[in-house]
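Subject: Structure handover

Hello,

Here is the structure I promised to pass on. Please open it beside the sequence, then read my notes below.

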Amino acid sequence: MSKIAQAFARGKAFIPFITCGDPDLETTAAAVRAAAENGADLIELGIPFSDPTAEGPVIQGANLRALRGGVTTDKIFTFVEELRRDVTVPMVFMTYANVVFSYGAEPFIAACRDIGMDGLILPDLPFEEKEEFLPLCRKYGVDLISLIAPTSEDRISMIAKEAEGFLYVVSSLGVTGTRSEITTDLASILAVVREHTKIPAAIGFGISTPEQAKHMAELADGVIVGSAIIKLLAQYGREAPRHIGAYVKAMKDAIR
């Protein structure tokens, strides 16, 4: 069983997203440890990019703060290597295809394996173009995680059939950010997913409250939260990790 599969093997998975280097890598490390200690089953680490097209203003702000602070892909690789000495939960990178291209796809994906990353999410990579990265991901044992959006429609079955790691189901149209309500017919999307794959599916985009998390966990195998956690980092800075720990515990308790 892959490490990502293990994250979903103990019931509904809670998956926090944290931007690396916001406000600095020491705070990121403390936030990751706080999340892991309080029930996070899998952690998404964002590699900052100057033009994050899938992100709303909250995560865009985190990207800019991290980049202004001097974070680089190499610094993040070194940081993860150190983190892996004691953090055992599965972790995946979320970044943009340009970041991987500019670094060099093979050295980037090989480094993911070497430092102990389990998967890679590229929200700007169309399903039809995933062959640019998929052979390298398979070569180095890094799951290339596919996204399904409300607009995927007749492509849902195709994407689900070829999914690896877990499926990232986007809850709503538009960019990331907390939403007061999610109106997409996610039950229908997940019914199609279930027909075509046994790979777990997690819902992300717009989830911020325990009530929303509980509802989404009734539909899917896991819940992904980013903007609500990044808001805590923006609000509390270096003091944020303990607030993140408490938030992760509340969200995990809600979906148990």
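Axes here are lines fitted to C-alpha atoms, for helices over the stretch in contact, and angles between N-to-C directions run from 0 to 180 degrees. Please note that this is a predicted model.

Start with helix H10 (residues 210-219) and H12. Their axes come within 8 Å and cross at roughly 40 degrees. Angles under 35 degrees count as roughly parallel and 65 to 115 as roughly perpendicular, so H10 is oblique to H12. The crossing of H10 past H12 is right-handed. H10 brings Pro-210, Ala-213, Lys-214 and Ala-217 to the contact, and H12 brings Ala-250, Met-251, Ala-254 and Ile-255. Seven of these residues are nonpolar, none is polar and one is charged.

Next, helix H11 (residues 227-236) and helix H12 (residues 240-255). Here the axes come within 9 Å, crossing at roughly 150 degrees. H11 is therefore roughly antiparallel to H12. H11 also passes H12 in a right-handed crossing. On the H11 side are Ala-228, Ile-229, Leu-232, Leu-233 and Tyr-236; they meet Ala-240, His-243, Ile-244 and Tyr-247 of H12. This contact has eight nonpolar residues, one polar and no charged.

Then the core. The largest nonpolar core holds 97 residues. Met-91, Phe-93, Phe-108 and Phe-166 touch the most other members. Helix H6 (residues 105-115) gives the most to this core, seven residues. Take a look at Phe-93: leaving out residues up to four places away in sequence, its contacts include Leu-45, Ile-76, Phe-108, Cys-112 and Met-117.

Best wishes

Definitions and conventions: Residues numbered from 1 in each chain as written. Predicted model: local features only at pLDDT ≥ 70, side-chain atom pairs only at ≥ 80, totals over all residues. Heavy atoms only, no water. Helix = DSSP H or I, 4+ residues; strand = E, 2+ residues; numbered from the N terminus. Parallel < 35°, antiparallel > 145°, perpendicular 65-115°, else oblique. Left-handed = near helix turned anticlockwise from the far one by under 90°. Contact = heavy atoms within 4.5 Å. Nonpolar A, V, L, I, M, F, W, Y, C, P; charged D, E, K, R; others polar. Core = buried A, V, L, I, M, F, W, Y, C linked by side-chain atoms within 4.5 Å. Buried < 20%, exposed > 50% of the residue type's maximum accessible area, 1.4 Å probe, protein only.
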